[in-house]
Structures are given as C-alpha cells and as structure tokens.
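Subject: Structure handover

Hello,

Here is the structure you asked to take over. Please open it beside this message and follow along as you read.

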Amino acid sequence: VGSEMCIRDSLDGVDANAYRHESRDTVVRDLDPTRGRRGIVSVDGFISVGESLLEARSYFDRILGLCAVTGRRTVEIATTATFERIGPNRVLFTGQAKTRGRESAGYEIPTLADSSRVIKALATIREDCPELIIKPDIFHDRCSRELGRRARAFSQCFSNNSARPKDLRAAWAEIVWLLDDEHMTGKALYLSRVLGHGDNDLLTAQSYDDFTITDPAYN
C-alpha cells in the first residue's frame, strides 16, 4: 500500500508540474504580440484603399470602404448603421447588429477618413439600396459572396496577402488603437469599447485581436 501511495503521489506531482507548464505556456502565448496574428504591413495602404472605395461606383466597394475606415460590420453598414459627426475623425455610431442583450445606445468611434466623407458615403448606400434596410435578411443572400471577392483589394496590406470582409474590422481596431489611443489604454479594454462590447466584456474583444502592425513606418 505504501509503495502504491508513493507511485500515486509521484504521478500527481508529475501531473501538477505538467499543468503548471501548460498554464504558463498558455499565458505566454496570450501575451506574445505575434501569436497567431497576421501582420499589417502597410497602415497607410490600408487607409488609402479604404478611403478610395468611399466614392466607388459599386455599393459593394463603398460598403467595404466604410468597414475599413469605421470598423463596423458589413451588415451594419448595409442595413442598420447611422453616423453623426462629432469631429473631423470621430462619429457617434448607432445601429449595432450584435448587442448580446446590452443597451444599444450609440457610442463614439474614431474614423480613418474624414467623418464628413464617411457620412456622405453611407448616405449613398442608403439611397442606392433602401431595400436592405426594409428587408435586412436579404443582405447575406445578395451581398456576402461579392463582398468576399472584392475584399481582396486589401490583400496587399496584410502579411499573408489575403483579406476577407471580417478582417477589416479587426485591422481597423489594431490601427486605431495605435493612431487614436497611442496604446495608452489596455488593448482588450480599448478594443472592447470601440467595437461596442462594453467594459464588462473583454473576452469578446480578444476574438478581434487578429493583427499586429509590422509596418516599419509605424514601429
């Protein structure tokens, strides 16, 4: 019995030690700024592409341009978003699509383009596609595939030379954390605020922590 207890205690010690190492490695991976993240290789390029699409002929391109310079979801830009000018590069955003039971009141966000251009571009989408507001359920059927194809315009800005519509939100968040906040606020808290998750939901913001800025002009 005594030998069995010694063996069991030894195994428990090994398991506990392995658990400590695994926990440490998990923490290190979470703190590593390059862990599983793609690089934004051209901040100015990302902003330039986004701005250039604001006056594009196609409303698909205008949607993507607005996503890039405001960090809003494609469905929000197409169907629910409203912007009120606060300053040259700030707007009050209302119309968040996913509130998870939270209050859906508007909140202030920075923009990577002049706010007047942002508001004007959104107005053109509302004029061209009023049916998307009336029947937002048709948005995904009509727009998802084409938006995915056209999002490749941003591929050159990312280290893996690939871009999807959802990447624009995460890339915007990384860029404004630097340009707007100058990294003064903790990243998870800043992202949670500008993405509309609130101070009490930092975990959701971490799902958008997909990029790190590798552009030498900003390092």
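At what angle do helix α8 and helix α9 pack, and how far apart are their axes? The model is predicted, and in it α8 covers residues 165-179 while α9 covers residues 187-194. The angle between the two helices is about 115°, and their axes lie 10 Å apart. The crossing of α8 past α9 is right-handed. On the α8 side, the contact is made by Trp172, Ala173, Glu174, Val176 and Trp177. On the α9 side, Lys187, Tyr190, Leu191 and Val194 take part. Of the residues in this contact, seven are nonpolar, two are charged and none is polar.

Next, the sheet. It is open and has three strands, in the order β2-β3-β4, with antiparallel pairing. Strands β2 (82-87) and β4 (107-110) are at the edges, and each of them pairs on one side only. From one strand to the next, the twist averages 35°. Strand β3 spans residues 90-94 and is joined to β4 by four bridges, the two running antiparallel. To find one of these places in the model, look for Arg90, whose bridge partner in β4 is Pro110.

Last, the confidence of the prediction. The average pLDDT of the protein is 86, and 81% of the residues score at least 70. Over residues 26-30, pLDDT stays under 50. For that stretch, the model has three contacts beyond four places in sequence.

Regards

Methods
Residues are numbered from 1 along each chain as its sequence is written. This is a predicted model: local features need pLDDT of at least 70, side-chain atom pairs count only at pLDDT 80 or more; totals for chains, interfaces and linings use all residues. Side-chain values use heavy atoms; hydrogens and water are left out. pLDDT is the predictor's confidence in each residue, from 0 to 100. Contact means heavy atoms within 4.5 Å. Two strands pair if DSSP finds at least two bridges between them. Axes are lines fitted to C-alpha atoms, for helices over the stretch in contact, and angles run from 0 to 180 degrees between N-to-C directions. A crossing is left-handed if the near helix is turned anticlockwise from the far one by less than a right angle, and right-handed if clockwise. Ala, Val, Leu, Ile, Met, Phe, Trp, Tyr, Cys and Pro count as nonpolar, Asp, Glu, Lys and Arg as charged, and the others, Gly among them, as polar.
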